[in-house]
Amino acid sequence: MTLVRVAPLAQDVDLSKTYDAVVVGSGAAGGMAAHVLTTRGLKVLMLEAGKKLPIEQELRSMQWPYDHPRRGDAPPGYHALSFNEYTIRTPPYAKNSTFKHVMSYVGGWGGSDYVKNILVDEKDHPYTGTTYAWVRARALGGKTNIWGRLALRLSDYDFKAKTHDGYGEDWPISYADLEPYYDKVDLYLGISGHKENLPHLPDSLFQRPTKLNLAEVQLRESLKKMGRVLTPYRAGVTTDGLKHNRYRSKCYGRGACGRRPGGCDIHAAFDSPTGLIYPAMDTGNLTVRPNSIAHEILVDPNTGRARGVAFLDSETRKSYEAKARVVIVAASTLESARLLLLSRSRQHPNGLGNSSGHVGHNFCEHVMGPGVTGLVKDLVGKPPTLDDGRPGGFYIPRFRNLKDRQPGFVRGYGFEGGGGFSIFPGHAFGAKGFGAQFKKDVRDHAGAFIRMGGFGEVLARYENYVDLDPDAKDAWGIPTLRFHYQFGDNERRMCEDMVVAGREMFEAAGIEVVGADDKMLTEGWSIHELGTARMGNDPKTSVLNQFQQSHDVKNLFVVDGSSHVSASCQNPTWTIMALAWRSCEYLASEFKKGNV
Amino acid sequence: MTDATNPKGETLSRREMLEVTAAAIAAPLLKQGPAAVQPALQTGPKFFTGPEFALLDELSDLIIPTDAHSPGARAAGVAAYLDFRLADSLDTEQQTKWRSGLAAVDALSKELNGQAFLQGSADQRVAVLTRIAAGEQDPKTPAEHFFQELKRSTVRAYYTSKVGIHADQQYKGNVYQRGEFAGFDAK
């Protein structure tokens, strides 16, 4: 079913040879590391813990609900965790569950059959400690198979946030350092958006933007008067196509893109396999081994340097070692921290690269939940229009604590939202009564709602951290993570402000607020976990230098979101890739000079 | 493609078809479409008894009836779909809830009208449903709790059906657009 014949993935890779680099993880960060290093001639082995799935057959992006026997639901025996389960119970959430398979909450969005093989089974992958909705995708490409696609840049309001407001730490880089790499990511992967010239949300090199519908235009025009911006969803989606990539189609505005969880089976939306990994395999320099669960980074007992990675085959449970001159960790923020902590040796008794004691700490993310729903009265009873087929509706960039200083909280939040018709009229669940009038109400209001929800920066705090549980183990006998992580007062006050500000913006635009939700979702819900191996100039208070290179172990790089110093309120994927590009370019050049 | 998937009857030229590389992926799925549709009930209900099924069928069609605009829940096969899901379910608690819920409706009907729901006149049936729908926001009695579940399930089944998506909602998406997104440019 794939368009282009993809080189077979080598299950029986040659493990007798020493690779230039071994990359652990195949998501946005691992894929980018593979791309940058292989195009510079390095021989790379990529280890992915999950399977190589026939992803188009999993996603079935255009399947009509009625063409699926259970309208998209997973077979009996599968269960997705709910908000209540996350909050009433403590992890491990699948313990003693009567269900055969337990998925994270993402499986409960109304399309669980499409992601049941992408998300991990919580039964096999337990964790302990405080409340946390930890969403994991073990498959080639990781979470990029189902990501939300909002692709934003950070600015010096983020990189130099401490200078701006005194809280936390500045990043060891500035926007000027990263800008050329954001440009490279834009051009190589494609991004859709509309230029706004904002200092706090720099523009990308955009392809054609998606469009706004009537309600969204109305809100955009009104916000202009408040000095705020509503911009079409900046999506990591190629809308004009990519001549250099034969694995991806451009976006044809088809599909019920609002169907979440949902990937894009024509790969117009970026995913790591078609965007980065298959092209890297075409160089002849990349070998990919799926079903490979890395559980220790091996070090040379004499030098203390990394010499390779020990892994288990997830199917056969056999143990292997991969040898490499450089080890690149890109297993996702929390799994990367886990792998470093698991890699204890005589030289590195607290875990690899952890002389600072900061691995697992400064854990941060985005807080979400609060939002508003509005009714645009003029649109009630209007004939249906095509408002779907877009990767998203709109984004309202941060407007707090830029020039002003909020009394209740530092940092800011943005809103993601959208309005108009979609494949399922969700408002029918809230419409009262029954009968002909109910049916007409549902029909008349189907395109008249607009909704938005906030995504706010969670402050990086040393006391928010993960470590290894001394007792609990996963299905492969590997110690699990234990969470010590909670939102604080800054997040709570920010969330209160989201509802107030959201209501104010809708009302100013003449949109009647019919729902205002101030409930914070649980820790982890945004799936934007960051910061567990942060960069910095001081080896005593940071794990990595500005090139995501371990302060302690020169041939160890950690190129995913764990390196972020603060969460910003902008979605992290594009920054993860720009940073990985910059670091791997540095690494390739140092490698050739014999310096790593 | 069926007419339903492309209401405007637009077809892509061969040239465009080649450009739309994605079509190569989507086509096999579309072809298998109708075969995968829930078949009309041919062998009788699998989970519900005959009388239970008839009651559910009527209740769903009272919630979403046929009107001048589009067919209702009965035509959309809502009861058959719910019967299939419950027969397939491993959740015995859920199954019990549906059985006792339907029984509660009949019991209420006997209390109000002196006869089972389906034996009542059209007005009497609506009266029973109106009574249990009154507690929709804050259900207290078993029948009121059941109404919540019944309505939620009917809504989900109807608006994911062919009738619900195409005839009633006239949903325009899930089709290839011809190079331009629908909507307005940000200015």
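**Strands, helices and the A/B contact**

Me: Which residue in S14(A) is the bridge partner of Val372(A)?

Reply: The bridge partner of Val372(A) in S14(A) is Met452(A). The model is predicted: local features need pLDDT of at least 70 and side-chain atom pairs count only at pLDDT 80 or more, while totals for chains, interfaces and linings use all residues. Residues are numbered from 1 along each chain as its sequence is written, and chains are lettered from A and ligands numbered from 1 in the order in which they are written.

Me: What counts as a strand or a helix, and when do two strands pair?

Reply: Both are DSSP runs numbered from the N terminus, with helices (H or I) of at least four residues and strands (E) of at least two. Two strands pair if DSSP finds at least two bridges between them.

Me: How many bridges join S11(A) to S14(A)?

Reply: Strand S11 (residues 366-375) of chain A and S14(A) run antiparallel and are joined by 8 bridges. S13(A) is also antiparallel to S14(A), through 7 bridges; Gly419(A) stands opposite Ile450(A) in S14(A).

Me: Is S14(A) covered or exposed, that is, how many of its residues are buried?

Reply: S14(A) is mostly covered, with 8 of its 9 residues buried. A residue is buried if 20 or more other C-beta atoms lie within 10 Å of its own, exposed if 12 or fewer, and partly exposed in between, with C-beta atoms placed from the backbone.

Me: What is the order of the strands in that sheet?

Reply: The order is S6-S12-S13-S14-S11-S17 (chain A), an open sheet of 6 strands with antiparallel pairing. Strand S6 (231-232) and strand S17 (512-517) of chain A stand at the edges with a single partner strand each, so one side of each has no neighbour in the sheet.

Me: Which helix packs on the sheet?

Reply: Helix H8 (residues 214-225) of chain A packs there, touching S12, S13 and strand S14 (449-457) of chain A. The direction of H8(A) makes about 55° with that of S14(A). Axes here are lines fitted to C-alpha atoms, for helices over the stretch in contact, and angles run from 0 to 180 degrees between N-to-C directions.

Me: Changing topic: why is H10(A) described as largely enclosed?

Reply: In helix H10 (residues 333-342) of chain A, 9 of the 10 residues are buried, so the rest of the structure largely encloses it. Among the buried residues are Glu335(A) and Arg338(A). The buried residues of H10(A) pack against strands S1 (18-24), S8 (292-299), S10 (319-329), S15 (465-473), S16 (479-484) and S18 (556-558) of chain A.

Me: And where is Ser332(A) found?

Reply: Ser332(A) lies in the loop between S10 and H10 of chain A. Ser332(A) counts as buried because it has 29 C-beta neighbours inside 10 Å. Leaving aside neighbours within four places in sequence, Ser332(A) is in contact (C-beta atoms, placed from the backbone, within 7 Å) with Gly25(A), Gly27(A), Gly142(A) and Asp560(A).

Me: What about chain B: how many helices and strands?

Reply: Chain B has 9 helices and 0 strands. Buried residues make up 37% of its 187 residues.

Me: At what angle do the axes of H4(B) and H5(B) cross?

Reply: The axes of H4(B) and H5(B) cross at roughly 130° and come within 8 Å. That makes H4(B) oblique to H5(B), since angles under 35 degrees count as roughly parallel, over 145 as roughly antiparallel, 65 to 115 as roughly perpendicular and the rest as oblique.

Me: Which residues make the contact?

Reply: H4(B) contributes Phe53(B), Leu56(B), Asp57(B) and Ser60(B), and H5(B) contributes Val78(B), Ala79(B), Leu82(B) and Asp83(B). By class, the contact has 5 nonpolar, 1 polar and 2 charged residues. Ala, Val, Leu, Ile, Met, Phe, Trp, Tyr, Cys and Pro count as nonpolar, Asp, Glu, Lys and Arg as charged, and the others, Gly among them, as polar.

Me: Lastly, how many residues of chain B are in contact with chain A?

Reply: 49 residues of chain B are in contact with 55 residues of chain A. On the chain B side, H2(B) gives the most, with 5 residues. By class, that side has 26 nonpolar, 13 polar and 10 charged residues.

Notes. Two residues are in contact if their C-beta atoms, placed from the backbone, lie within 7 Å.
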